[in-house]
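Have a look at the fold first, and then read on.

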Amino acid sequence: GVKCFSDGSIQLQTASIRNKYLDGSEAPAPLMSNNKLIDIFKHFQKLGFNIVTHANGDFAAKSVINAYKATADYKKTPLLNRIEHLQTVTQDDIKEMAEHNIGGSFFINHVYYFGDLHRDVFLGEEKAQNLDPLRWAENANMTFTIHTDAPVTPISPLESIQIAVNRITKNGKVLGENQRLTRSEAYKKMTIDAAKLNNTDDYEGAIKKGNVADFVILNKNPLDTNVVLNDDLIEMTICNSEVVHSI
């Protein structure tokens, strides 16, 4: 695929958000005009590429959504076009993405690592409470996954799943209880839905006969809500296995 950038980061106040930052600073416009995005998307989709576009801010994401919609007739690959990060998108943005089969990947680790700063310094209470709105996306049946954006935050699928289900910040505050996923839903984002987003769900992502998979043996039940999900649970990994029995 091809990666494009529509804005910067919340911490540098270069993310293109609707309205101003908490300190009164004006948010910048997206890095590219809508016409420029459309021209780029047309060009690469004619060549058969799917597009992945960085957009932390909701205003930038809306610009990307509009450009994807405007160039849908040029899309040749079954791979979904998607938006990367999606930190401040609104519920209406999410619904529009789902309606037009635009995928997404949420930078969920921000809730833990930067959530306190986003609430108190950059975005304010209301916008921060809906940071990385996974519940809206799940309820809209949008195809999406979650990520760490390494090396910005550490790579640990289990930790990212933990953040998605409890949404607790570094300072121990709940940020967006209404946006939590269940454990089963969050595991799906790292497996079945990730494969669907990559158009590899015909041979991986689910445990069924004939699929390939990487398995992990944990020392506690990861569905138990009392178990903290992190890499301390890992006893062994088994890579590149073929599933011989469905579950």
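At roughly what angle do the axes of helix H8 and helix H9 cross? This is a predicted model, where local features need pLDDT of at least 70, side-chain atom pairs count only at pLDDT 80 or more, and totals for chains, interfaces and linings use all residues. Residues are numbered from 1 along each chain as its sequence is written, and side-chain values use heavy atoms, leaving out hydrogens and water.

The axes of H8 and H9 cross at roughly 140° and come within 9 Å. Axes are lines fitted to C-alpha atoms, for helices over the stretch in contact, with angles from 0 to 180 degrees between N-to-C directions. H8 and H9 are therefore oblique to each other (under 35 degrees is roughly parallel, over 145 roughly antiparallel, 65 to 115 roughly perpendicular, the rest oblique).

The elements, which are DSSP runs (helices H or I, at least four residues; strands E, at least two) numbered from the N terminus, include these:

| Element | Residues |
|---|---|
| Helix H8 | residues 157–166 |
| Helix H9 | residues 183–190 |
| Strand E1 | residues 2–5 |
| Strand E2 | residues 51–55 |
| Strand E5 | residues 144–146 |

Pro157 sits in helix H8. Between the C-alpha atoms of Pro157 and Ala186 there are 10.0 Å in space, and the two are 29 residues apart in sequence.

Turning to the sheet, five strands form an open sheet in the order E1-E2-E3-E4-E5, with parallel pairing (strands pair if DSSP finds at least two bridges between them). E1 and E5 stand at the edges with a single partner strand each, so one side of each has no neighbour in the sheet. Four bridges join E1 to E2, and Phe5 has His54 in E2 as its bridge partner.
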